[in-house]
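Please open the model in your viewer and keep the selection panel at hand.

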Amino acid sequence: MIGKVRRGGRVAGLLRYLYGPGRANEHVNPHLVAGWREPDELEPPLRADGKRDFTRLTTLLRQPCAAIGEAERVWHCIVRAAPQDRDLTDAEWARVAREVMHRTGLAPYGQEVEAVRWVAVYHGDNHIHIVATLARQDGGKARTSNDFYRLREACRAVEAELGLRPTALGDRTAAKRPTRAEREQAGRRGWPQIPREALRRQVATAGAAALSPEDFLSRLAQAGVRVRLRRRDDGEVVGYAVALDHHRTAAGALVWYGGGALAADLTWPKLCARWRRAPQDELREKVATAARDACSEEEFFRCLAEQGVLVRLRYSQANPGEVTGYAVSLPGMTRTGDRVGRGSGEQIWYAGGRLAVWLTLPRLRRRWRTGEAGWTRAEREALYGEAAQAASAAAVRIRDDPASAADAAWAAVDALRVAAAALGNPVLAKAAEEYERAAHTPFGRIPTPSPEGIRLRSAVRLLALSGVMGRDTTLTGVVLVGALASLVSAVADLRRVQQHAGQAAAARQAANRLLTQVTVSATPPAHPQPVWLRRDSPGQPGSMVREHRHGW
């Protein structure tokens, strides 16, 4: 059973629509099934011409608003049973309506003469419309805060009571869906994507790959997304909004969406929580960025200095003045000291090879000599392997310690988004969209950081720095997708145990898609095509021999 809440300001017009034929003559036998009084007492009478007279009912519903001198405000709630459910009786729909009004706090049980006035109309298709005016009969104001979530609670309660098909808890994990107006506008103008959904994908991908707030804003600008920041008086950023150039109002103004209007985990505080990392991870990301952008040794060390990285060079003992290696650190990266204070304040240095094998100075020099731009394929494959190991470790954490697995489950969606972009794989992109709801923590909470979640995010940020590897199937790509499939399966099992049906279904659907992709990528063609190879045989120069080619 699902419900939807709308608000308006004309109760008379709404009642006429509910009792009318509908837009396609779909309304059948409209009548009241419940209200703040008995339905028989409130039912609009038939006039001589056969039409309903709504004068008395409209006047009664408006009276509390007029008594406190407020404009008419209407609360309109639609509650619908699932197509698989049986047709409910009028008495059962009356039970549903009273439970909704009680749980939302608009008309609690026992307050029929003090609370708001309301009626419930049934006109076929196994659903009802609840109409209430938002003014209490005792002179108070009706409170509607969190009414949608209280409505979900009421729907789930009557599902269990009446034996109906169960639906997911309203736990704020689902992404914000486009409105009907947004869908129709995109259709009229021939846009391939609805702006809200396009922005959600772009912001989510940029947030997953970004190393910092500045990098996040830069990635959005490169994607053609307009950004507007909201700052406090001291200049600190506390929020943002995004827009697309082609999405404008009739007056030509841009249509802006705040991060929270796109998804629960895309608000500014939750994006900043993603970018928090251990100092060693931050250091490695800075060094990797410099290695990617530099074309020479001098440029590499200059890039490190520009990022605020401290550098210490190692010189050859045999050839004084010859640099054989380097170590790096960050300001404030010092030892805390032992019990007696030894080592306190001493700078902590990391050799390039300690950060990553491919960050040693000899490896970097070899690349600079060959003149290769960016990272080599071998270096990218090393990053893929590291991301796969981090995903496997996160899956183990989720299975072994479900109580502290929320951060690892949240980090998994970043891994899927970045892997999809790096591999250029639309299957992974679709799996990331399907999994997104399972990644969210119920009711918008920020999970407590975990070592596995931090490691996975660091690995996928480095993967994003490597650029697009291509859609060709490689062993490292298959291994990474397999590790992500195992991680998403672990999250599906976790959500099932937690009885979060909607999240469990989303994760299971994404896991099945990933497992299918692994199977397809790792399976040779059923009918390999033969290829003719030239072979010189005695007496038959240039004869041909058939060999099989698998094409992968």
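Rings of Phe, Tyr and Trp (its six-membered ring) are taken as a pair if their centres lie within 6.5 Å; planes under 30 degrees apart count as stacked, over 60 as edge-to-face, and the rest as tilted. The model is predicted, so local features are required to have pLDDT of at least 70 and side-chain atom pairs count only at pLDDT 80 or more, while totals for chains, interfaces and linings use all residues. Residues are numbered from 1 along each chain as its sequence is written, and side-chain values use heavy atoms, with hydrogens and water left out.

**Aromatic groups**

Begin by selecting F216, Y240, W268 and W275, which form one aromatic cluster. The structure holds twelve aromatic pairs. One of them is F301 with Y326, an edge-to-face pair at 5.9 Å centre to centre and 80° between the planes. This pair links distant parts of the chain: F301 belongs to helix α12 (residues 297–306) and Y326 to strand β10 (residues 323–329), 25 residues apart. Helices (H or I, at least four residues) and strands (E, at least two) are DSSP runs, numbered from the N terminus. Both F301 and Y326 are buried, where buried means under 20% relative accessible area, exposed over 50%, and partly exposed in between (1.4 Å probe, protein chains only).

**Charges over rings**

Next, display R228 and W256. The charged end of R228 sits over the ring of W256, 4.4 Å from its centre. A charge is taken to sit over a ring if NZ of Lys or CZ of Arg is within 6 Å of the ring centre and within 35 degrees of the ring normal. Then move to R457, which lies over the face of W410 at 4.8 Å from the ring centre.

**Strand β3 and its partners**

Select strand β3 (residues 74–80). Six of its seven residues are buried, so β3 is largely enclosed by the rest of the structure. Strand β1 (residues 2–8) pairs with β3 in the antiparallel sense over seven bridges; two strands pair if DSSP finds at least two bridges between them. Within this pairing, K4 stands opposite I78 of β3. Strand β5 (residues 127–133) also runs antiparallel to β3, joined to it by seven bridges. Here W75 has A132 of β5 as its bridge partner.

**Helix α1**

Turn to helix α1 (residues 11–19). Seven of its nine residues are buried, so α1 too is largely enclosed by the rest of the structure. The buried residues are V11, A12, G13, L14, L15, L18 and Y19. Their cover includes β2 (31–35), α3 (55–67), β3, β4 (118–122) and β5; contact means heavy atoms within 4.5 Å.

**The nonpolar cores**

A nonpolar core is a set of buried Ala, Val, Leu, Ile, Met, Phe, Trp, Tyr and Cys residues joined through side-chain atoms within 4.5 Å. Which residues touch the most other members of the largest core? In this core of 83 residues, they are F300 and Y435. Helix α16 (residues 406–423) gives the most to this core, with 13 residues. Centre the view on F300 and show its contacts: leaving aside residues up to four places away in sequence, F300 touches V287, A290, A291, A294, Y326, L364 and W368. Apart from this core lies another, of 49 residues, which includes L15, W36, W93 and L164.

Select L484 in helix α19. L484 is buried, with a relative accessible area of 2%. L484 touches A391, A415, L416, A419 and L514, not counting residues up to four places away in sequence. A388 is 96 residues from L484 in sequence and 7.2 Å from it in space, C-alpha to C-alpha.

Proceed to S458, found in helix α18 (residues 451–465). S458 is buried, with a relative accessible area of 0%. With residues up to four places away in sequence again left out, S458 touches D281, R284 and E285.

**Two loop residues with positive phi**

Most residues other than glycine have a negative phi. Select D125, which lies in the loop between β4 and β5. Although not a glycine, D125 has a positive phi of about 60°, and D125 is exposed, with a relative accessible area of 57%.

Finish at Q499, in the loop between α19 (475–497) and α20 (501–522). Is Q499 buried or exposed? Q499 is exposed, with a relative accessible area of 67%, and its phi is positive, near 65°.
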